[in-house]
Amino acid sequence: MSRISRRDFLKTSAALVASATFARASRILSSAYSPKDDKPNILIFVFDAMSARHLSLYGYTRQTTPNLEKLAERASVYHRHYSAGNFTTSGTASMLTGLYPWTHRAINYRGMISRSLVDRNLFNLIGKEYTRFAFTQNLWADIFLNQFEKDLDFHLPSDSFSQFADSLIQPNDLHADRDLAYFVLQDFLNLRVDDLHPYPGSLFLASADLARALASDRPYISADYPRGLPTNHDFSYENTSVFEGAGRLVQSSILQSSPSLAYFHFWSPHEPYSARKDFIGIFPEDLKSPYKPRHPFAGSDFSDQRLQKYRREYDEFITDVDAEFGQLISNLETSGALQNTYVIVTSDHGELFERGEQGHASALMYAPVLHIPLLISAPGQGTRSDFHSLTSNLDLLPTLLRISGKEIPDWVEGRLLPGFGGIEDASRSIFPMMAKDNAAFRPVEHATFTLIKDAYELFFFTGYPGHPDAFELYYLQEDPDELHDLFRRDITTASQMKDELLEAISTANHNYQKQ
Amino acid sequence: MLKRLPSSQAILQVYAVIAVMFSGWTITAFLWKLSAWLLILNLGEIFTVFSYSMVANLVEGLTVLLLLLTVCVMLPASIFRDDFAVRGTILALGLIGSLMTFVRFHMQFGIESGVRLLIGPLLVLLLAAILLVFPSNLRIVRFLHSAVLWAADRMVVFLYVLVPLYVVLFAYVVVRNMT
């Protein structure tokens, strides 16, 4: 009799757990729901930290997204789509609420949407006639799904379809008090083995997690993943398993309970950039990019050479993810699951490889970290439509409400997207911001604010210790690399935009000012 | 069965050491995280986080105490029960101290250090074992035993704060999960 290795055992166990979860989802959905009317299904695919500036779909010189380009041939493609934040919390919250970060107040690491605004979310507004399904591998985005729990018909655990969970106890283990259970267990008591600065609150749970991590033969590096398995620093996974799992769920469960709204938020291509071996080395190293000196507000000081390396690894990872996504879409098409379905592809924020900075969530909010993809493929759409006007990820919520035949509430700060009832408004202003170190309950005074209007982009850095407040102005049409600061040269535009931004900040802060 | 258990005073002394060690760790970690939580959680939510943490603490402490009492019941009285306050305290210090060292080493050196993370905890356990095994007629061992007993005795005062706190927070957590 052959001996079963510990790894085989773990894999088998994980497969059984995934199967059980999948079976449970199928059972719940197929028994509880039946087709209601001809309202379309909506599938939202969010790729974490996917910058539009790195997608060949938007003209990037490296051929990173052939499959997205294929989908774009029958989709509406938004060329100037911006996230309202430069990291998961603020970007995702804005997408799901249609509100700016200074309104929903999810502005900090692990932040929550203001408790009084929790009902203002897509799942609640689209209503119970839709079967609402949500899955995210990003634990910070999962905080919101926990907040929206009552508005979800099915909320799949973050580590579904993952073979190598690190934590002994998951937030789903506590149902009755799920919001804060996340904090207590995941953010405090448990040990996050890969966390850079762990300080677990429970010696027992932390030691158990640690011993488990040491005892397992978890392949941090495998033959298929020479740079290590993709991981969100809480659990590792293989994209093939995750995308296959999502595809199976869509095919056999969600679309049978039409109409459905399914939200999939994948961790990839977020760092660490762990592409499969087939995608490593596919791009030459000679990509030319203009020199940008280190920015005084940059949190790190990576050399250009190092940034080029990270950039190449990121591009390889995007290409890997694009291939997996292409397979997923192909399978869904073959199965007929997309017949009455809107497919939406977007991201929560981008990624930055310049001015000494790598990643996101820094004080810098240049276009690569805010400019995100948006594709909407409508049922039966056979041609491509391109939209070049300014749009924001706040616009997704009202647009989806319109698609599903729902009223758009007055409080929504986004607008209908062009092509779905919205107009291409050249005078529109959008206000992305980053205020991760500013208390959510106080006026926003320690932040980077952005105003994007027409082809101009104004940055306002304020409240950073050791730095005086500063403005920067760029004209993106002629200077897409944001190299020439016009703040002291184009005085008229600078003055107008500065006044508009300061007025908007003042209005947003009004309710939080001390009486 | 009850005769095999140590005196309630000795149990109290050992439990005081256990509770102070666990709660000390958790409260330190809590204070370390507090500045970040103040940005995102309101005071009620922070209180809830603290409540869950302390209830987890209570469970951990009682588990270790139960473990020691089980050992006490199983071993001959002369080995463990008769000197439970000292030997139980040393064992608790060894067990909890090794967990602290284990997690601390990870915090310092990361998971990449692999099994080397076990060096610290094993040293702590070895030290505890030495204190337990060496004959108590040795002067230095006698001194250490009396020091341990003195410390355990002083720790009891913290139970006047910790036990009511555990009771209140436990009730709070139960109510939260019932509603």
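**Terms put to the test**

Trainee: What counts as a helix here, and how many does chain B have?
Mentor: Helices are DSSP runs of H or I with at least four residues, strands are runs of E with at least two, and both are numbered from the N terminus. By that rule chain B has five helices and zero strands, so its pattern along the sequence reads α-α-α-α-α. Its C-alpha atoms fill a box of roughly 55 × 40 × 25 Å along the principal axes.

Trainee: Where do these values come from?
Mentor: This is a predicted model, where local features need pLDDT of at least 70 and side-chain atom pairs count only at pLDDT 80 or more, while totals for chains, interfaces and linings use all residues. Residues are numbered from 1 along each chain as its sequence is written, chains are lettered from A and ligands numbered from 1 in the order written, and side-chain values use heavy atoms, leaving out hydrogens and water.

Trainee: How confident is the predictor in each chain?
Mentor: pLDDT is its confidence in each residue, from 0 to 100. Chain B has a mean of 91, with 99% of its residues at 70 or more. For chain A the mean is 88, and 87% of its residues reach 70 or more. Residues 1-17 of chain A are below 50, and that stretch has 10 contacts beyond near neighbours in sequence. Residues 24-36 of chain A are also below 50, with 23 such contacts. The model as a whole scores ipTM 0.89 and pTM 0.84.

Trainee: How many residues of chain A and chain B are in contact?
Mentor: Contact means heavy atoms within 4.5 Å. With that cut-off, 41 residues of chain A are in contact with 37 residues of chain B.

Trainee: And what is the area that chain A and chain B bury between them?
Mentor: Buried area is the accessible area (1.4 Å probe) that two parts lose on being put together, summed over both. Here that comes to about 3,500 Å², 71% of it on carbon and sulfur atoms.

Trainee: Why is Arg115(A) with Glu45(B) called a salt bridge?
Mentor: The rule asks for a side-chain nitrogen of Lys or Arg within 4 Å of a carboxyl oxygen of Asp or Glu. The closest N and O atoms of Arg115(A) and Glu45(B) are 2.6 Å apart, so the pair qualifies.

Trainee: What about Glu129(A) and Lys406(A)?
Mentor: Their side chains meet at 2.6 Å, N to O, so that is a salt bridge too. The pair links distant parts of the chain, 277 residues apart: Glu129(A) sits in the loop between α5 (122-126) and β3 (131-136), Lys406(A) in the loop between α12 (396-403) and β13 (429-430).

Trainee: What makes Phe161(A) worth a look?
Mentor: Most residues other than glycine have a negative phi, and most peptide bonds are trans. Phe161(A) is not a glycine, yet has a positive phi of about 65 degrees. It lies in the loop between β4 (154-155) and β5 (164-165) of chain A.

Trainee: Which bond joins Ser258(A) and Pro259(A)?
Mentor: A cis peptide bond, with omega about 0 degrees. Glu271(A) and Pro272(A) are also joined by a cis peptide bond, omega again about 0 degrees.
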